[in-house]
Amino acid sequence: MINVPHKGTKLNLGVEDGSDSVITKEFLRHFSNPRVTAYKFPLPQDIKESDYQKTIAQLSKRFAELVNTSLSPNETQVVVGGDHSVAFGSLLAVLTRMDPASVGYIQFDSHGDVHLFKTSPSGNFHGMWLRPFIDEFDSPDIAAVVPSSLKPGQIMFIGNLELEDEEKKVFVSKKIINITSDDLSKNKLVSLAHIRKFIEKFNHIYISFDIDVFNRKLVSATGTPAANGFWPDEVFDVLDILSHAKRKSIDLVEVNPHRENSRATIEMAQKVLLRLVNN
């Protein structure tokens, strides 16, 4: 992120170390035969502002190619960032190696991530990275590397979303489903059944998990902690369903180990991955 997060007071320096803090040697012992491949994006301050959009496009495309050449047919793609913009290359990898119409997309988040550069309050790509996959985008360099888009009915958000006007328009026009904590508390069985029905429609489920979907009282070591975020039981009920999807890809992002109380945030991120991967 090149700028201070929206409603933040300081740069989110340190989020680039999120993956190393989560994917430790001790944590990897929970998995049989894990293979870890590292990809390091340059720091934003090392990129010329005039080259920023072109660099995002080029490096994300390379990252997608690395994912697809590294992944064996029987393996699950898991990408751990970093800020949420790393998911641009991760989703690109999935949509270039399989039929895009066969993919159901689920994002856990407190934010929509569907801005344009011209509408973004912060100007950070992590708040707009999903937009090129669902609608026209105002960066020709970035739009050019997206081969196909997700259609209405393929996208579900789980979170108490804080959306700006531009994002609200996109959610309405693209008929994006949003399951909130109110849905899960007041109509839990109906909401969980709706999620099951959604994943059954697709051969592959792509799960993009932003740790700030949780309430900031539990998860504070992230760029934009959520005052109205979910509580663990709400999230883990959904993860238990998703863990049984036959084929899935997973992102986990926005852990910043250099923020205060980072241990609790890191441990929550690890619990999420264990719930999703080990079943």
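## Helix H3

Helix H3 spans residues 52–70; its 19 residues reach 27 Å from first to last C-alpha, close to the 27 Å expected at 1.5 Å a residue (the expected span being 1.5 Å times one less than the number of residues). Helices are DSSP runs of H or I with at least four residues, strands are runs of E with at least two, and both are numbered from the N terminus.

Among the buried residues of H3 are Tyr52, Ile56, Leu59, Phe63 and Val67 (buried: under 20% relative accessible area, 1.4 Å probe, protein chains only). The buried residues of H3 pack against strand S1 (77–80), helix H4 (86–97) and helix H5 (140–143).

## Basis of the model

This is a predicted model in which local features need pLDDT of at least 70 and side-chain atom pairs count only at pLDDT 80 or more, while totals for chains, interfaces and linings use all residues. Residues are numbered from 1 along each chain as its sequence is written, and side-chain values use heavy atoms, leaving out hydrogens and water.

## Strand S2

In strand S2 (residues 103–108), six of six residues are buried. Val103, Tyr105 and Gln107 point one way, and Gly104, Ile106 and Phe108 the other.

S2 pairs in the parallel sense with S5 (residues 204–210) over six bridges (pairing requires at least two DSSP bridges), and Gln107 stands opposite Ser208. S2 also pairs in the parallel sense with S3 (residues 155–158), over four bridges; there Tyr105 has Ile155 as its bridge partner.

## Whole chain

The chain has 10 helices and six strands. Buried residues make up 53% of its 279 residues.

Notes. Buried < 20%, exposed > 50% of the residue type's maximum accessible area, 1.4 Å probe, protein only. Contact = heavy atoms within 4.5 Å.
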